[in-house]
Amino acid sequence: MLSFSTRKNKRKHIFSLFVFITIFMASAGMIVLSAMGVFRENSGFAWLSSINKLEKNKPDTNTIAPISEEEAILLIGDAENKGDDVLNSGNIEEDLTIDRILKETLPVSDEYFEQTLFIGDSRMLGLHLSCQDIKATFYAAVGLSINQLNTKDFIKVDSETSYTVMEAIEKDGREYKRVYLMFGLNELGWSYPSVFIRSVADTIVQLRELCPEAEMCIMAVMPVSEEANVSIYKGNVANERIREYNAMLLELASDIGCWYLDTYNLFSDEQGSLPKDFAPDGIHLYSGKNRILMNFILSHAFAFG
Amino acid sequence: MKKIFIVFSVVLTLSFFGCAEADNKVYDIDISKMAADISAEFDASVELTRLTEQSVNDRYGLKGLFSEIYAEASVAISADEFVVIKAIDEESAKQAYDMLDKYRKERADLFRTYAPDESPKLEKALLDRAGEYVFFVACEDTSSAEKIWKEYKSK
């Protein structure tokens, strides 16, 4: 005959065994159902799946042909309606700094550029000259700094009239959906990085007034080669300064709700420099490398629809 | 005094005829062919890209002045470039010449601070007009390009 304490222990054991078997069966069931595809997005259990559709559908970008904007929306999803699990969605308030970095999307077709404006310095001009088939608008010039967009009239309308960047935007009558900014190289020598960042912020405020429908993207300052690193800015710290600028640009993008395109890491080698054979002067890219940059832009798209 | 006046009048008249003859010369230059010859003469280490009509207008402000144009320019920071233009008429050619000269001077000023080694290429650049045609070239040594231009002009 069992004593009271022994019976109590036995009940405990049976209860533990029951709990264990229940958990085991539930887990096994989940695994089997998952394998059967019950939790895929089209099923009634789609809410259980946290798999990012874009990552799931991510193509081999080396082989895939560009697709149209409409196709991209179909494949990527309607960013505004899907919310959190879709990349480059534009949900400004909830985004952390890292979420402002444009992530890889399916490459879009050239139509993406029809309402796109690129503003920048000589490196942007190089991109334009290398990709003249792109139907975007480029307002770029050698030596252009971020604080000259209201003062330097280099955009030639005809043989007698030239406009500044801001005047040109006001008068060209195009309803831009996206504006890319590429600055920082000519501003490396500015005394305070904060002055550069403030200028970028002021520019974006002004651009938002001129292009109320447009989303803005700040392009990271690309590195320079080891040789140029030594010669263009105070000894050998140009790339260090560029990294400092980029960190601040990313923070600004987060603060004011802009996109940030990480073109620094696209072109930096292990030392954080531009590889020697990427640019004849260590700064301005060869045509072929500019095409790489353009493909990078095409495969890190934003502001669909 | 009368003789001097007559001689002076004759000389003046002849000089007018001479000028008129020079101005009336009709040039017929195959722009594409000439551009190909110029392009082949360029330093192979310099990467030049052919400019579209839109890029030409953006760069030089020549919109509405030409009927045919061929231009190549460097993608990177280099002053190397050349343009051959067939203007819509001689007046437009003169205007295009002035525009290119203005461009050359502005760019030379810019390069003086931005890329000082490149500035001399613009200072000694070749800019010439023959009737409706205008030719501009900036590079280290313009002598080969100049030779080609003269050959095409004399045809």
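User: Happy to look at this predicted model with you! In which handedness of crossing does α2(B) pass α6(B)?

Analyst: Good place to start: α2(B) passes α6(B) in a crossing that is right-handed. The helices involved are α2 of chain B, residues 31-41, and α6 of chain B, residues 143-154.

User: Are α2(B) and α6(B) roughly parallel or roughly antiparallel to each other?

Analyst: Their axes come within 9 Å and cross at roughly 165°. Angles over 145 degrees count as roughly antiparallel. The two helices, α2(B) and α6(B), are therefore roughly antiparallel.

User: Which residues make the contact, and how do they divide into nonpolar, polar and charged?

Analyst: From α2(B) come Met34(B), Asp37(B), Ile38(B) and Glu41(B). Facing them from α6(B) are Ser144(B), Ala145(B), Ile148(B) and Tyr152(B). By class, the residues of this contact of α2(B) with α6(B) are 5 nonpolar, 1 polar and 2 charged.

User: Let's move to chain A. Where do the buried residues of α6(A) fall, seen down the helix axis?

Analyst: In this helix, residues 165-172, the buried positions are Val165(A), Ala168(A) and Ile169(A). Seen down the axis of α6(A), the buried residues stay within an arc of 100°, so they line one face of the helix.

User: Which elements do those buried residues of α6(A) pack against, and what phi does Gly173(A) take just after the helix?

Analyst: The partners all belong to chain A: the strands β1 (116-120), β2 (137-140), β3 (155-156) and β4 (162-163), together with the helix α7 (193-210). Just after α6(A), Gly173(A) has a positive phi of about 70°.

User: Is Thr151(A) buried or exposed, and how far in space is it from Met166(A)?

Analyst: Thr151(A) sits in the loop between β2 and β3 of chain A. A residue with 12 or fewer neighbours is exposed, and Thr151(A) has 10 C-beta neighbours inside 10 Å, so it counts as exposed. Thr151(A) and Met166(A) are 15 residues apart in sequence, and their C-alpha to C-alpha distance is 8.8 Å.

User: Finally, which element gives the most to the side of chain A that touches chain B?

Analyst: The contact takes 17 residues from chain A and 19 residues from chain B. On the chain A side, α5 (122-130) and α11 (287-298) each supply at least two residues. The residues of that side divide into 5 nonpolar, 9 polar and 3 charged. With 4 residues, the element that gives the most to this side is α5(A).

Note on methods
Residues are numbered from 1 along each chain as its sequence is written. Chains are lettered from A and ligands numbered from 1 in the order in which they are written. This is a predicted model: local features need pLDDT of at least 70, side-chain atom pairs count only at pLDDT 80 or more; totals for chains, interfaces and linings use all residues. Axes are lines fitted to C-alpha atoms, for helices over the stretch in contact, and angles run from 0 to 180 degrees between N-to-C directions. Angles under 35 degrees count as roughly parallel, over 145 as roughly antiparallel, 65 to 115 as roughly perpendicular and the rest as oblique. A crossing is left-handed if the near helix is turned anticlockwise from the far one by less than a right angle, and right-handed if clockwise. Two residues are in contact if their C-beta atoms, placed from the backbone, lie within 7 Å. Ala, Val, Leu, Ile, Met, Phe, Trp, Tyr, Cys and Pro count as nonpolar, Asp, Glu, Lys and Arg as charged, and the others, Gly among them, as polar. A residue is buried if 20 or more other C-beta atoms lie within 10 Å of its own, exposed if 12 or fewer, and partly exposed in between; C-beta atoms are placed from the backbone. The arc is that of the directions from the helix axis to the C-beta atoms.
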